[in-house]
Amino acid sequence: MSRTAKIILGALAALLLAVVAAVIFILTFDWNRARPWINQRVSESIGRQFAIEGDLSLHWQRADADAASSSRWGRWVPWPRLQARSVRIANPESFVPAGATATIGQITFTLNPLPLLARDISIPTLEIEQPEVALVRHKDNSNNWTFKSSDSPSTWQLKLGRLVLRQGRLSLDDAVKKVAIKAQVDTLDPARDPVYGLAWTVKGSFNGAPVSGGGRAGGVLSLQDQRQPYPLQAEVKVGKTSIGVRGTLTKPAELAALDLHLALSGASMGNLYPLTGVLLPETPPFATQGRLIGKLDASHSEWTYEEFSGTVGGSDLGGSLHYSTGGERPQLAGELVSNVLRFEDLAPLIGADSNAEKAQRGAEERQPGNRVLPVKPFSTEAWGALDADVKLTGKRIVKQKDLPITDLQAHLILKDKVLSLAPLDFGVAGGQLRSTIRLDGQQTRMKSEMQLSARRLKIQKLYPALDASRTSFGEINGDARLSATGNSVAAMLGSSNGQLKMLVNQGAISKLLLEQMGLNVGNIVINKLFGDKEVKLNCLAADLPVDNGILTARTFVLDTEDALVNVEGTVDMKDEKLALTIHPRSKGLRIISLRAPLYVTGTFKDPGVGVDKGVLALRAGGAVALAFLAPVAAILPLVNIDGEQKADCGGLLDEAKKAPVAPPAGKSRSSTKVTPKK
């Protein structure tokens, strides 16, 4: 044998010996001796203490069948299987409390070695047993889940195939979002549940409200398969709000799209804002269900709640809403339809529901017992959360059994904290009530402007129970224009400026009519003036200027076949006080009682009607304000009639026929010279 051959054989033997020695070393090496080095290197990379406190072992196994078949050398290369017990990741050194962010009972993973040549860390299966993660964020926004980041991005790529979680626990204590919840996660047996891979439950609190629920989701293996939709199912209850979803996530690795059946129910839609970030009004208890479609990318997202249906209080509601992000503010747009809409279901919008109903929907504010006008403040701070363009159509509106209100048309626009209802129109008793409302929430004290008109409201259609064969019935017409500042209905009316006008042509007036209208004070007054009989009405005309919340009866004339009745005095809407004097003047000797004036005093909540200085005590309830505030709170029958109608009161009504005026919001009539419109 030549010397060269001996050298080659010696080198090969040495190489083989080195390989055998390396294999023997790897197979027999106690990997626990490497724990200090691993702990130090990982701790330095994440900026906090990392420790494998239990046994660290390495085993070898044959390659995965799929990987072996995809490569010529794959079947010959063994795969390492690493197992570590009692792994601990501590909180940052300066963080309080000083406990652990996460602890893991045991972590096991198998590594495909060949992709390491291309800087890919391929882990087909990662098994984590008894993980416990405790996430904490303080009020100063410091948290324990932000890790040290590298100055330059890593050139290594992690590819995870399947995650197995057993008896996992997660707690989140977030002082910023006011969240304190605990969740449990576990992997499902694929033989028993082939659709879902993970199951979870949650319990805790959000904004002080109890949270409970659970659900299922696909395994992490599904996240890597772009052809397979990722299944989701959850039922969660937050306070009185219940959320149920069932559907799929398309292209899950990119979070590209969601297609879910969504069911929502709760005490008020306003309670959804902290959960969803979508600003919705306060409502009675509601329940809806429909299809939720979401499209997401890095720069924006789009959500459509498509063809949903449901109930709000005793009203039905359906339609479609579209919510998108990516602009200056999120955008909410859509069209809603209600076949039967109850007036009382709109009361929470302005806080006009009862204290018991407020408590039921979880509202903190309460209406004072001595006040009639709603004091609930509008939350204008949240108006900047989005812009909105939503249309609402109400086909039939129910206030009481026979009140004929139809064809609600409302167009809500919210832009840059300015909310407009233009129009807000109703069909009422064969006539029309048209209005526009503008609420400017850009300043601390909201500015508001309201313009309303009523045309051809038929009294007989308003109150069909009256006997049409005994008398004729006229029409109600009117106009109002008001401006104000303040963040509640009470504050706005208490600071309002403008003018209200009203004209009732012909018809009849009686105690029965006023009883049906709910005008209890007017009922008492008419009973004292005319008794129980029905009185023919020639006309009723009113011109009521408003200055800093004081409504003055500049002209308030009731002309009947028996008498001419004048009303003078004021209504203080800020303090809710009445100071009115009613002067009857008989047209003959038939009504002797009309010689004495009547006085209406007291508050909206507890008014009094008396002859001369004698006060007749009575309880009128919340409807008493309508006796003299009907233009503001009910149908606003104020006057600017067209040429086809003629009043029977002649020149007395000329002033009442002019359009009402109002100064700009924040200005009083007394400090602003206003030129009436012709």
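Leaving out neighbours within four places in sequence, Thr304 touches Arg291, Leu292, Ile293, Leu321 and His322, where contact means heavy atoms within 4.5 Å. Thr304 sits in strand β15, and its C-alpha atom is 5.2 Å from that of Ile293, 11 residues away along the chain. Strands here are DSSP runs of E with at least two residues, helices are runs of H or I with at least four, and both are numbered from the N terminus.

Before going further, a word on what you're looking at: this is a predicted model, in which local features need pLDDT of at least 70 and side-chain atom pairs count only at pLDDT 80 or more, while totals for chains, interfaces and linings use all residues. Residues are numbered from 1 along each chain as its sequence is written, and side-chain values use heavy atoms, with hydrogens and water left out.

The cut-offs are under 20% relative accessible area for buried, over 50% for exposed and partly exposed in between, using a 1.4 Å probe and protein chains only. Glu307 also has a phi near 45°, a positive value in a residue other than glycine. Most residues other than glycine have a negative phi, and most peptide bonds are trans.

What about aromatic pairs? The structure holds one. The ring centres of Tyr305 and Phe308 are 4.8 Å apart with the planes at 10°, so this pair is stacked. For the record, rings of Phe, Tyr and Trp (its six-membered ring) pair if their centres lie within 6.5 Å; planes under 30 degrees apart are stacked, over 60 edge-to-face, and the rest tilted. Both Tyr305 and Phe308 are buried.

Glu576 has a positive phi of about 55° although it is not a glycine, and you'll find Glu576 in the loop between β30 (563–572) and β31 (577–586). Is Glu576 buried or exposed? At 1% relative accessibility, Glu576 counts as buried. Setting aside neighbours within four places in sequence, Glu576 is in contact with Asn370, Arg371, Val372, Leu373, Gly602, Thr603 and Phe604. The C-alpha atom of Glu576 is also 8.4 Å from that of Gly494, 82 residues away along the chain.

Now for the cis peptide bonds. One joins Val96 and Pro97, with omega about 10°, and Pro97 falls in the loop between β3 and β4. Another joins Ala422 and Pro423, with omega about 5°, and Pro423 belongs to strand β21 (residues 418–428).

On to the second largest pocket, which has a volume of about 1300 Å³. Among its 38 lining residues, Phe50, Ile107, Phe109, Ile123 and Leu126 are the closest to the centre. On a 1 Å grid over the protein atoms alone, a pocket is an open set of points with protein on both sides within 12 Å along at least five of seven lines, and lining residues have an atom within 4 Å of a point. Grid points are joined across faces, edges and corners, and the volume is the space filled by probe spheres set on them. Elements that each supply at least two lining residues include α2 (35–46), β3 (79–90), β4 (100–110) and β5 (120–137). The lining divides into 32 nonpolar, three polar and three charged residues.

Thr241 gives one more local picture. Thr241 lies in strand β12 (residues 241–250) and counts as buried at 2% relative accessibility. Beyond its neighbours within four places, the contacts of Thr241 are Val236, Ser265, Gly266, Asn271, Leu272 and Leu275. Its C-alpha atom is separated by 7.3 Å from that of Leu264, 23 residues away along the chain.

Finally, step back to the whole chain. The secondary structure comes to 11 helices and 34 strands, and buried residues make up 43% of the 678 residues. Of the contacts with a separation of 6 or more, 53% come from residues 24 or more positions apart.

How values were computed:
On a 1 Å grid over the protein atoms alone, a cavity is a set of points where a 1.4 Å probe fits but cannot get out, and a pocket is an open set with protein on both sides within 12 Å along at least five of seven lines; lining residues have an atom within 4 Å of a point. Ala, Val, Leu, Ile, Met, Phe, Trp, Tyr, Cys and Pro count as nonpolar, Asp, Glu, Lys and Arg as charged, and the others, Gly among them, as polar.
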